[in-house]
Amino acid sequence: MSDPQQSPAAPAASPLSVQRGSPLRLGAHWDGAGTHFALHSVPAERVELCLYAEDGSTETARFDMADRTGDIWHIYLRGCAPGTRYGYRVHGPYQPEEGLRFNPNKLLLDPYARAIDRRVLGASEQCGYIPGTEEEDFAFDDTDNAAAAPKSLVVDTAFDWGADAPPARPWSETVFYEVHVKGFTQQHPDVPQALRGSYAGLGSEAAIAHLQRLGVTAVELLPVHAFIDDERLVQAGLANYWGYNSLGFFAPEPRYSASGDAVAEFKQMVRALHAAGIEVILDVVYNHTAEGNHLGPTLSFKGIDHAGYYRLQPEDRRFCTDFTGTGNTLDSSSPLVLRLVMDSLRYWVQEMHVDGFRFDLATTLGRSAVDFDQRSAFLCAVQQDPVLAGVKLIAEPWDLGPGGYQVGGFPAPWAEWNGRYRDAVRDFWRGEDGVLQEFAARLCGSADIYGGSRRGPQASVNIVTVHDGFTLQDLVSYDEKHNDANGEDNRDGENHNRSWNCGAEGPSEDAAILALRERQKRNLLTTLFMSQGVPLLLGGDEMGRTQGGNNNGYCQDNAISWFDWSPPRRDDPLQACVRRLVALRKSLPVLQRTRFFSGEADADGRKDLAWYSVWGQEMTQAEWAQPDVRCVAALLDGARTALVGEDGGRLDGDSLLLLINASSEEASFTVPEAAAAPGGWTPRIDTATPDGQPLAAPEAGGVADITPWHAGEQHLLPAHSMVVLTQPCVA
């Protein structure tokens, strides 16, 4: 079916002065006197630019973008100022079987829009076809949706950054805190009511104070690119809370703006966080868009150049190739998409001052024709870009396509979410057989995964819990997911959580079960912060945040997902434990190594890493191979860090001893003789106590002090517990 080349009548002539414009910059750019508009579309036959009044529904002017340079349509409107609402009507054939889906009756968002005027809610009138017909997407829909459609906004990007500068934290010093902009402060009593759930709320004194107390160095924000609430969720009374359904890769999500100016408010938040020494990392979703499959809405890309933006099935171009599980896949091998993604990344670094990105389903972006390729167009473009050379790049190294699991597959300088770390640590602490060697490899930075690509331990972003899955509290409280509130009959979400409810499913009043759960949380967090690599803490885990067993809270914009700042949660001793762990980690160069351990003896017979049994003897191959061994000790030599200080000298620090009892019985550990120093080992963390503080023994004078542990002594560790000790290194 072809486009009849008809669209609703235009309003009266506009007083704006029309000039040819320039194709050099895509999007809308105000130059102080007017605005340049430019849109890229290869197969389009005609493009109209429509302007709207402040009410967002009344069209005030329409212009044919008659000038075309190559495949870029452009126009300049003198007198068109910031705040102007606009959209595009793009004409061309409607031939779904050929991958062409033009429909000028659907007002389209600018892919390069710097701001969007409203929250986008899915609705049937957004579809380019008539929903519910037997013809499906072949039934061309001539219903005009402009009045209710979201509008792009012309933006004045001027902003007083003052003395803002990126904190530029080294990877070795980085501690990530994954957090949702709204959920973090929506119920925070110390954040002004009008700012809760907003960019301004996250940048408020109370929010930043919490981050500083924990000692985290970077917030990793769930998606803030403008996104859509799918029609299905809207009809069910739910919402796209997580935001993994992007629509505008340059526009901050408007629902998180307390002021109504999302761009300026986002910048203010970044400036405040930077002033506190905290980096801002964005979770970005360039692998797909909110337009879904062939039956999805026509909101922007689909109506501008469907075949140019998306991967289509070669045998039937009516359908999208779906490597993402969302219905479509952006074609990052296409110059059109590659330019969009790279322009977007540079914009967020240069204009919005963010410090890095975590790429959702990054394997999709690294695909060439089909397979993942370290020399794909996207990975090569990132590799050579000077703007991106100074920011943190983190891959979620998997997708749903063939060969999609690529943990360890990304080239330098990429870091990766290490899914194998998560699985091994969970399995070890829940008592699975035969995982000791895997656990040890993950705790030591995963050299077997990242060493081959000539990356160091910082390539591993270590995760135990993240937004997708159980919170830490739920990980130790549920064996099964409980996602009934999502309205999908508990079919959604991961079925293999590697969780352990410690003896009862969900809430319990059994004191022994509750104590075990708290101890398990401290064990998991202590392992996380005492591991080589870069730790990521899921926001709220430090205060026992629960989702009631829901492991897929993507649609729960309510108390299920929001932080609980009630007194019991704010006073949770686990927060003190996390603060102690972060501070200890920062004080130990041996946990900031940029090279992997060798485990080999040097000329002096010293090892940078050694593993010991409960008897204080080095582990034998037979002991490593025993599937039921759950007690082990690790000694990390602080004189063998391979780090160099600012003065060029060797950067040494305390040595570290980890005693780990993941068994269900108490175990007696003999402190090993290696690297013994006068004064012995000082206990620093004991997961058997509520806040991780080792118990002190009162001296004769009544002053409490922590008694050192000495080589050869035996010490009893309770079941499911861990002790961390340090001693000054012996050079």
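Tutor: Let's start with cysteine 80, which is buried, with a relative accessible area of 1%; buried means under 20% relative accessible area, exposed over 50%, and partly exposed in between, using a 1.4 Å probe and protein chains only. This is a predicted model, in which local features need pLDDT of at least 70 and side-chain atom pairs count only at pLDDT 80 or more, while totals for chains, interfaces and linings use all residues. Residues are numbered from 1 along each chain as its sequence is written, and side-chain values use heavy atoms, with hydrogens and water left out.

Student: Is cysteine 380 buried or exposed, or partly exposed?

Tutor: Cysteine 380 is partly exposed, because its relative accessible area is 36%.

Student: How many disulfides does a search of the whole structure find?

Tutor: A disulfide is a covalent bond between the sulfur atoms of two cysteines. Searching the whole structure for cysteine sulfur pairs within 2.5 Å gives 0 disulfides. Cysteine 80, for instance, is in no disulfide, and the nearest cysteine sulfur, belonging to cysteine 50, is 13 Å away.

Student: Where is valine 341 found?

Tutor: Valine 341 is found in helix H7; helices are DSSP runs of H or I with at least four residues, numbered from the N terminus. Valine 341 is buried, with a relative accessible area of 1%.

Student: Which residues is valine 341 in contact with?

Tutor: Contact means heavy atoms within 4.5 Å. Leaving aside neighbours within four places in sequence, valine 341 is in contact with Tyr286 and Phe378. Under the rule of not counting residues up to four places away, phenylalanine 357 touches Ile281, Leu345 and Trp348, among others.

Student: What is the place of asparagine 483?

Tutor: Asparagine 483 lies in the loop between helix H13 (472-475) and helix H14 (511-529). Asparagine 483 is buried, with a relative accessible area of 0%. Not counting residues up to four places away in sequence, asparagine 483 touches Asn490, Asp492, Gly493, Gly549, Asn550, Asn551 and Asn552. The C-alpha atoms of asparagine 483 and asparagine 501, 18 residues apart along the chain, are separated by 16 Å.

Note on methods:
Helix = DSSP H or I, 4+ residues; strand = E, 2+ residues; numbered from the N terminus.
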